[in-house]
Amino acid sequence: TRSGQTAQARHAAQEFLRLSPRDGVQPSVMAGAFLAMGDREQALAWLERAYAEHDNGLTGLKVSPGWDPLRKDPRFQRLLRRVGLAP
């Protein structure tokens with residue numbers, strides 16, 4: 001169920017937060033975990049951090065369906081341009 005997936009994503013994000021940054025969890029992974037929980041604001045904040053840290057996890061932003069919930073957000077579109085994935 002969707003609520004079960006959300007609970008799993010929330011648990012994963014909590015684990016990532018416990019580990020990050022000490023254990024090297026990529027900010028893009030954190031962004032994906034927050035997006036899976038439905039927290040777009042935190043997802044975007046972590047994507048900005050990923051950009052600042054030159055996280056190679058950003059290379060799939062344009063094509064990965066996991067980022068679809070953010071596609072219409074102007075902040076996401078600006079990030080795509082900064083990363084070089086959009087005109």
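Select leucine 80 to start: this residue is buried, with a relative accessible area of 4%. Buried means under 20% relative accessible area, exposed means over 50%, and partly exposed lies in between, using a 1.4 Å probe and protein chains only. The model is predicted, so local features need pLDDT of at least 70 and side-chain atom pairs count only at pLDDT 80 or more, while totals for chains, interfaces and linings use all residues. Residues are numbered from 1 along each chain as its sequence is written, and side-chain values use heavy atoms, with hydrogens and water left out.

**Around leucine 80**

Leucine 80 sits in helix α4. Helices (H or I, at least four residues) and strands (E, at least two) are DSSP runs, numbered from the N terminus. Show the neighbours next: leaving aside residues up to four places away in sequence, leucine 80 touches Leu61, Lys62, Leu85 and Ala86. A contact here means heavy atoms within 4.5 Å. Now pick threonine 59, 21 residues from leucine 80 along the chain; the C-alpha atoms of the two are separated by 9.5 Å.

**The whole chain**

Zoom out and colour by secondary structure. The protein chain has four helices and zero strands, in the order α-α-α-α along the sequence. Of its 87 residues, 31% are buried.

**The nonpolar core**

Select Phe34, Leu47, Leu61, Trp67, Leu70 and Phe76, which touch the most other members of the largest nonpolar core, a set of 18 residues. Such a core is a set of buried Ala, Val, Leu, Ile, Met, Phe, Trp, Tyr and Cys residues joined through side-chain atoms within 4.5 Å. At least two residues of this core come from each of α2 (27-36), α3 (40-52) and α4 (74-83). The largest contribution is from α3, with five residues. In soluble globular proteins, nonpolar side chains tend to be buried together.

Keep phenylalanine 34 on screen. Apart from residues up to four places away in sequence, phenylalanine 34 touches Leu17, Asp39, Gln42, Ala43 and Trp46.

**Along α3**

Which residues of α3 are buried? Select Ala43, Leu44, Trp46, Leu47 and Ala50. Viewed down the axis of α3, these buried residues fall within an arc of 165°, so they line one face of the helix. The arc is that of the directions from the helix axis to the C-beta atoms. An α-helix has 3.6 residues a turn, so residues three or four places apart point the same way.
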